[in-house]
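The structure is shown first.

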Amino acid sequence: MSERQPRMRDVFDTIPTYQPGKPPEPKPGRSTFKLSSNENPYPPLPGVVEAIADAAGGINRYPDMGAVHLYERLSERFGVPADNLAAATGSVAVLYHLLQAMCERGDEVVYAWRSFEAYPIAVQVTGATSVTVPLTQKAEHDLDAMLDAITDRTKVVIVCTPNNPTGPVVREDALTEFVDRVPPHVVVVIDEAYREFVRDPFVGDGVDLYRDRENVVCLRTFSKAYGLAGLRVGYAIAPPPIAAAIRKAALPFGVSDLAQVAATASLDAEDALFERVEALVAERTRVVDAMRAQGWTVPDTQANFFWLQLGADTVDFAAACAGEGVMIRPFAGDGTRITIGESEANDVVLEVAQSWRASHA
């Protein structure tokens with residue numbers, strides 16, 4: 001590069017580019033499905049589209065930067081003070097802002113791997129260093145190893161539960177012990193983007209852990225169970241100083257009024273939400289049971305997806321699904337994440353999986 005050209009920060013030479021789930025290519029005469037982004041297959045909840053339409057007439061004005069009404073509803077929903085909340089364009093943006101507030105060059109952020117692929121990007125942008133801890137053989141967090149990875153340079157530890165992309169959760173006793181063993185000056189981020197899909201009665205709860213601790217932050221989102229992925233609104237429940245720092249770091253007017261209105265309307269339609277989530281959980285059980293009956297090893301999943309550890313066959317398996325009109329999310333050389341979608345789409349995956357095992361026996 002010429003010395004006369006603009007030069008990016010050196011860290012951008014190594015930061016990976018976030019890879020979104022690919023949409024399917026049209027196939028004349030047949031249906032195609034996108035199971036690569038953990039999207040909700042259902043349309044928005046009752047009343048949400050109408051609320052958005054009513055709010056659309058005001059888009060010539062800036063959004064409510066204080067998200068007052070949304071914070072009021074979330075405060076009621078979780079029984080937390082409004083100043084303990086911080087919203088942004090998805091829970092991933094909340095994490096970006098938290099790391100911007102907490103980290104700089106020389107600091108470290110500890111998290112399991114493989115986990116959410118935005119983590120290393122968010123960390124490196126701040127100048128901090130990722131310290132990754134391998135998952136266990138069951139695709140679960142190795143909490144003891146994560147504790148061992150904490151040093152005097154550690155600023156943040158991230159626990160993703162259910163873990164994206166593998167699916168397992170961290171149990172309550174293990175999560176509580178972990179949080180209590182993390183040094184109090186280190187922030188523990190509990191990323192619960194898929195919390196609504198959890199049916200394990202012994203799972204840890206980030207909101208419960210935050211209530212009497214000064215270093216615990218819980219991340220939630222409206223993108224997954226609530227079906228608002230296209231509007232981008234997530235939030236943190238955090239001690240007031242941390243919540244305030246996230247709000248300071250956030251992009252001004254980042255959460256649109258349409259997103260805020262849609263989120264509050266979705267909270268008003270939680271009865272319908274729970275019905276849909278129950279249907280997806282039942283479908284998850286059907287699909288995972290069928291995969292295991294075929295002979296596949298599938299980690300316990302409490303999210304709206306499941307994981308196949310395929311190693312060198314990962315890309316080929318994804319290509320086989322794509323050939324039948326279904327896009328899944330491969331992580332080359334490691335495994336693939338498959339969203340629980342429409343039953344028709346899930347049936348195609350089961351058919352491909354069965355044929356694959358027969359041809360690779």
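Met65 counts as exposed because its relative accessibility is 52%, and the cut-off for exposed is over 50%. The model is a predicted one. Met65 sits in the loop between helix H1 (48-56) and helix H2 (68-78). Together with Tyr62 and Phe253, Met65 makes a nonpolar surface patch of about 370 Å².

Strand S8 (residues 234-237) is buried at each of its positions: Gly234 and Ala236 point one way, Tyr235 and Ile237 the other. In a regular strand, side chains alternate between the two faces of the sheet. S8 pairs with strand S2 (residues 85-88) in the antiparallel sense, and Ala88 is opposite Gly234 of S8. S8 is also antiparallel to strand S7 (residues 216-221), where Arg220 stands opposite Tyr235.

An open antiparallel sheet is formed by 3 strands in the order S9-S12-S11. Strand S9 (305-308) and strand S11 (329-331) each have a single partner strand, so one side of each lacks a neighbour in the sheet. From one strand to the next, the twist averages 20 degrees. S9 runs antiparallel to strand S12 (residues 335-339), and Phe305 has Thr339 in S12 as its bridge partner. Helix H11 (residues 314-323) lies across S9, S11 and S12, at about 30 degrees to S12.

| Strand pair | Sense | Bridges |
|---|---|---|
| S2 and S8 | antiparallel | 4 bridges |
| S7 and S8 | antiparallel | 4 bridges |
| S9 and S12 | antiparallel | 4 bridges |

Terms used: Residues numbered from 1 in each chain as written. Predicted model: local features only at pLDDT ≥ 70, side-chain atom pairs only at ≥ 80, totals over all residues. Heavy atoms only, no water. Buried < 20%, exposed > 50% of the residue type's maximum accessible area, 1.4 Å probe, protein only. Helix = DSSP H or I, 4+ residues; strand = E, 2+ residues; numbered from the N terminus. Pairing = 2+ DSSP bridges. Patch = residues over 30% accessible without salt bridge, like charges linked within 9 Å, V, L, I, M, F, W, Y side chains within 5 Å. Areas by Shrake-Rupley, 256 points an atom, 1.4 Å probe, with all protein chains shown as cover. Salt bridge = Lys/Arg side-chain N within 4 Å of Asp/Glu carboxyl O. Axes fitted to C-alpha atoms, helices over the stretch in contact; angles between N-to-C directions. Contact = heavy atoms within 4.5 Å.
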